[in-house]
Amino acid sequence: MFAAVRKAGAEEAPEVDPREEEAISSLVFHLGRELRTALDRRLLGHGITSQQAALLLLSRLLKEPSPIKMAARLGTDTAGMTRLLDRLESKGLIARKISPDDRRSLVVVLGPRSKNILPRLIPAFRQVDTGLLDGFDDHEIKALHVLLRRLLKNARKLNDERSH
């Protein structure tokens, strides 16, 4: 429908309900909120949030998990990252250390208590993924993945444009 509206001349374009114009962004926003809620509920028994769990998993995957690198991937700013690290450090799940490669930088290392919780995180994320994709066939999942990647790329471009 929007492609037809864009191709039509200004005089020919049908009036579009403002709710329809923001339907995609609104749906994506609500989907993100529902996913965080579903993950948070599954992680409640472990005493961490979905964002804290994502930080633990990410710090395990990155070669040198610096707070700056992880902040962008977790969708937070430096102040939010500091609070997130403070909470995880107080629980004994992470520690901040000076980078061996650059003494001016910090890296995040997993704390002793993370060994008990890490094996339980991936199943929680998988359970939410499985529930989210219930009823989708392989073709639909692949197509959705391609479309979501394009949306993410476009959203990042929007943010890059804003900073220039």
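Contact here means heavy atoms within 4.5 Å. By that criterion, and leaving aside neighbours within four places in sequence, Leu55 is in contact with Met70, Leu74, Met81, Leu84, Leu85, Leu88, Ile94 and Val108. The model is predicted: local features need pLDDT of at least 70, side-chain atom pairs count only at pLDDT 80 or more, and totals for chains, interfaces and linings use all residues. Residues are numbered from 1 along each chain as its sequence is written, and side-chain values use heavy atoms, with hydrogens and water left out.

**Leu55**
- Leu55 lies in helix H4; helices (H or I, at least four residues) and strands (E, at least two) are DSSP runs, numbered from the N terminus.
- Leu55 has a relative accessible area of 0% and is therefore buried, where buried means under 20% relative accessible area, exposed over 50% and partly exposed in between (1.4 Å probe, protein chains only).
- Between the C-alpha atoms of Leu55 and Ala71 the distance is 8.9 Å, with the two residues 16 apart in sequence.

**Helix H5**
- Pro67, Met70, Ala71 and Leu74 are the buried residues of H5.
- These buried residues line one face of the helix, because they fall within an arc of 110° seen down the axis of H5; the arc is that of the directions from the helix axis to the C-beta atoms.
- Ile68, Ala72 and Arg73 are exposed on the other side of H5.
- The cover over the buried residues of H5 includes H4, helix H6 (78-90) and strand S2 (106-110).
- Gly75 follows H5 and has a positive phi, near 70°.

**Ser66**
- Ser66 is placed in the loop between helix H4 (50-61) and helix H5 (67-74).
- Ser66 counts as buried because its relative accessibility is 12%.
- A polar atom of the Ser66 side chain lies 3.2 Å from the backbone nitrogen of Lys69.
- Not counting residues up to four places away in sequence, Ser66 touches Leu106 and Val107.

**The largest pocket**
- The largest pocket has a volume of about 2,400 Å³, a volume being the space filled by probe spheres set on grid points that are joined across faces, edges and corners.
- Of the 40 residues that line this pocket, Gly32, Leu35, Arg36, Arg73 and Leu152 are the closest to its centre.
- On a 1 Å grid over the protein atoms alone, a pocket is an open set of points where a 1.4 Å probe fits, with protein on both sides within 12 Å along at least five of seven lines, and lining residues have an atom within 4 Å of a point.
- Helix H8 gives the most to the lining of the largest pocket, with 13 residues.

Notes. Polar contact = N/O pair within 3.5 Å; in protein donor to acceptor, adjacent residues only side chain to side chain.
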